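Subject: A two-chain model for you to look at

Hi there,

Here is the structure I promised to pass on. Please open it first, and then read my notes alongside it.

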Amino acid sequence: MGLKKKVEPVANISEDFEEKREHPRTTEQLVSDLNSDDCDVRRWAVRDLSGQKDAHDVFLSRLPHEDDPTVIEALFSALEHDISESHASQVLTMLKSEHVQLRNGAIELMQQNPDIFAANVNMLMHDDDPDTRIFCVDIIGAVAHIEAVNWLHQFALNDDNENVVGTALDKLAEIADVSTLEILQTVESRFPNHSYIQFVISLIRNQVRGGDE
Amino acid sequence: MKTVMIVDDASTVRMFHKMLVSTPDRIIEEAENGVEALEKAIGTQVDLFLVDVNMPKMDGYRLCKEIRRNDALRAVPIIMISTESANQDAERAYQCGANYYMTKPVDADMLKSVVSAVIGESANE
């Protein structure tokens, strides 16, 4: 037992667990391992469950209760692919989490799944919580979607919260096109005394016009 | 010369804050998140951190804690700037080690005054 060489260079795995892992475990055992007190066992369970039917449901149920950063990272990595519309609401709930890693993980997951995000953007746009709307804008800023500029225009034109509008303009400063010039005057008149909004509008105008020359 | 490090993931916010707090006798450093801020700050003389709360990789709260844990940086004042105006958010910022907490949109004159006061306090130490 003591002479056994590790197959993979994973630190801090207990010998008992390593030995146990050499034998096939059932899905039920792996799901049970997700609730182990040992974070190494939980991380291996995530890895071994990945790709199995219904694994995403199990991972999404586990995420709000997980406190180890490396396991959270493994869970989000496992969720990157094949996420479906039915999982979206659970991911979007995490945008309201006080746990920064969960929140940022949910943002990144949505950025990697633009079509699923697109199906929910209208709901997020009208969320009561301005922080959630700001996170929605953060996702839009990095998502590769043909509607991204249009969504940001809607935030800038219609949202009543100056920080949401300010964040939408932050993102427009990066991806604005000539159509943005048409909305800027309206946005400008909505917040005439807001120095930051006026600053970014001026910046966007210069950038778009400069890009045209 | 005093060095102010502005930490925010939005380049436009960094530009705006830089415009507000720049003076001929200040050096302005910028970082996109807490990780980059720590990397830049270690080995540099920083006199003030101006820190956003919500950032990827390492948010403002954790950056505050890391600064307070670091022997070389623990005495550097931190102003946190957040979109979150709830009392518990300010309380959390102070618990993490922030000296001042301001909510967005920042009042330009207020920010200039606070930065001047903090830089002045550092100069008298």
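Below is what I found, one chain at a time and then the contact.

First, some housekeeping. This is a predicted model, in which local features need pLDDT of at least 70 and side-chain atom pairs count only at pLDDT 80 or more, while totals for chains, interfaces and linings use all residues. Residues are numbered from 1 along each chain as its sequence is written, and chains are lettered from A and ligands numbered from 1 in the order in which they are written.

Chain A

The secondary structure of chain A consists of 13 helices and zero strands. Here helices are DSSP runs of H or I with at least four residues, strands are runs of E with at least two, and both are numbered from the N terminus. Of the 213 residues in chain A, 34% are buried. A residue is called buried if 20 or more other C-beta atoms lie within 10 Å of its own, exposed if 12 or fewer do, and partly exposed in between, with C-beta atoms placed from the backbone. If you take the contacts in chain A between residues at least 6 apart in sequence, 64% of them join residues at least 24 apart. Two residues are in contact if their C-beta atoms, placed from the backbone, lie within 7 Å.

The sheet of chain B

Chain B has an open sheet of five strands in the order 2-1-3-4-5, with parallel pairing. Two strands pair if DSSP finds at least two bridges between them. At the edges are strand 2 (26-31) and strand 5 (100-103) of chain B, each of which pairs on one side only. On average, neighbouring strands of this sheet are turned by 20 degrees against each other, direction ignored. For such angles, axes are lines fitted to C-alpha atoms, for helices over the stretch in contact, and the values run from 0 to 180 degrees between N-to-C directions.

Strand 1 (residues 2-7) of chain B pairs with strand 2 of chain B in the parallel sense over six bridges, and V4(B) stands opposite I28(B) there. Strands 3 and 4 of chain B also run parallel, joined by four bridges, and L50(B) stands opposite I79(B) in strand 4.

Strand 4 (residues 78-82) of chain B has five of its five residues buried, so it is largely enclosed by the rest of the structure. I78(B), M80(B) and S82(B) point one way from this strand, and I79(B) and I81(B) point the other way.

Helix 1 (residues 11-21) of chain B lies across strand 1, strand 2 and strand 3 (48-52) of chain B, at about 155 degrees to strand 1. Its buried residues include T12(B), V13(B), F16(B), H17(B) and V21(B). These cover an arc of only 155 degrees around the axis, which puts them on the same side of helix 1 of chain B. The arc is that of the directions from the helix axis to the C-beta atoms.

Helix 2 (residues 34-41) of chain B lies across strand 1 and strand 2 of chain B, at about 160 degrees to strand 1. The buried residues of helix 2 are G34(B), A37(B) and A41(B). Seen down the axis of helix 2 of chain B, they fall within an arc of 60 degrees, so they line one face of the helix. They pack against strand 1, strand 2 and helix 3 (60-69) of chain B. After helix 2 of chain B comes G43(B), with a positive phi near 95 degrees.

Two residues to look up

D52(B) is in strand 3 of chain B. An unreviewed UniProt entry lists D52(B) for "modified residue: 4-aspartylphosphate"; such annotations may be inferred rather than shown by experiment. D52(B) counts as buried because it has 24 C-beta neighbours inside 10 Å. Leaving aside neighbours within four places in sequence, its contacts are V7(B), D8(B), D9(B), V13(B), G60(B) and I81(B).

T83(B) sits in the loop between strand 4 and helix 4 (87-96) of chain B.

Where the chains meet

The contact takes 15 residues from chain A and eleven residues from chain B. On the chain A side, the elements that give two or more residues are helix 7 (100-112), helix 9 (130-142), helix 11 (162-175) and helix 13 (195-212).

Enjoy exploring!
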